[in-house]
Amino acid sequence: SFFGRQILHEDIFTCIATCDTNNGRRFAKTPTVCKNCHSSCFTCNGEANNDCLSCSDETFLHQGKCQTTCPDTTFQSQNSVCCKIDNCNICSQDSQTCEKCKESFYLNPDGTCKSSCPD
């Protein structure tokens, strides 16, 4: 057609041009079906409350869920992820590895932060 292929947004029963997931709140269920993220998520890969990839302001990502606080065994990293890696500033979304360490610590190949490089 003249306007190109349309995508069904299932939650609002409307055809849309793109499932713009970069602006949050939506995910592509299939190449032709768009759905809303759970209300607690900013970006997601599914509609459940544990399918979050990032969170809105004032909440923190922990095991796919957006929470108002991080569990005791973790801390809030700069990118709003509940992180469990010592001396880490920016944690991966799954909180298993560090992406940026605190000042005077070095990112090791295993994703941990150390005060020196491994031998």
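Predicted model: local features only at pLDDT ≥ 70, side-chain atom pairs only at ≥ 80, totals over all residues.
As background, strands of a sheet pair through backbone hydrogen bonds, and the pairing can be parallel or antiparallel. Strand E1 (residues 7-9) goes antiparallel with E2, and three bridges join the two.

Next come the disulfides, and the structure has eight of them. Take cysteine 19 and cysteine 34, which form a disulfide with their sulfur atoms 2.1 Å apart. This pair ties together distant parts of the chain: cysteine 19 is in the loop between E2 and E3, while cysteine 34 belongs to strand E4 (residues 33-36), and the two are 15 residues apart. The link between cysteine 19 and cysteine 34 is right-handed, with 65 degrees about the S-S bond. Both of these cysteines are buried.

Further along, cysteine 88 and cysteine 98 make another disulfide, this time with 2.2 Å between the sulfur atoms. Here the torsion about the S-S bond is about 95 degrees, so the disulfide is right-handed. Cysteine 88 is in strand E11 and cysteine 98 in strand E12, so the link spans distant parts of the chain, ten residues apart. Cysteine 88 and cysteine 98 are both buried.

Cysteine 101 and cysteine 113 also form a disulfide, with sulfur atoms 2.1 Å apart. This one is left-handed, at -90 degrees about the S-S bond. It connects cysteine 101 in strand E12 with cysteine 113 in strand E14, distant parts of the chain that lie twelve residues apart. Cysteine 101 counts as buried at 11% relative accessibility, and cysteine 113 is buried too, with a relative accessible area of 6%.

With a relative accessible area of 53%, cysteine 15 is exposed. For cysteine 117, the closest cysteine sulfur is that of cysteine 101, and at 10.0 Å the gap is too far for a bond. Cysteine 117 counts as exposed, at 53% relative accessibility.

Cysteine 113 and cysteine 117 turn up again around asparagine 108, which touches Cys113, Lys114, Ser116, Cys117 and Pro118, leaving aside residues up to four places away in sequence. Asparagine 108 is found in the loop between strand E13 (106-107) and strand E14 (113-114). It counts as buried, at 8% relative accessibility. A polar atom of the asparagine 108 side chain lies 3.1 Å from the backbone oxygen of tyrosine 106.

Serine 80, in the loop between strand E9 (75-76) and strand E10 (82-83), has a phi near 65 degrees, a positive value in a residue that is not glycine. Serine 95 has a positive phi as well, near 60 degrees, and lies in the loop between strand E11 (88-91) and strand E12 (98-101).

Key: Residues numbered from 1 in each chain as written. Heavy atoms only, no water. Helix = DSSP H or I, 4+ residues; strand = E, 2+ residues; numbered from the N terminus. Buried < 20%, exposed > 50% of the residue type's maximum accessible area, 1.4 Å probe, protein only. Polar contact = N/O pair within 3.5 Å; in protein donor to acceptor, adjacent residues only side chain to side chain. Contact = heavy atoms within 4.5 Å. Pairing = 2+ DSSP bridges. Disulfide = S-S within 2.5 Å.
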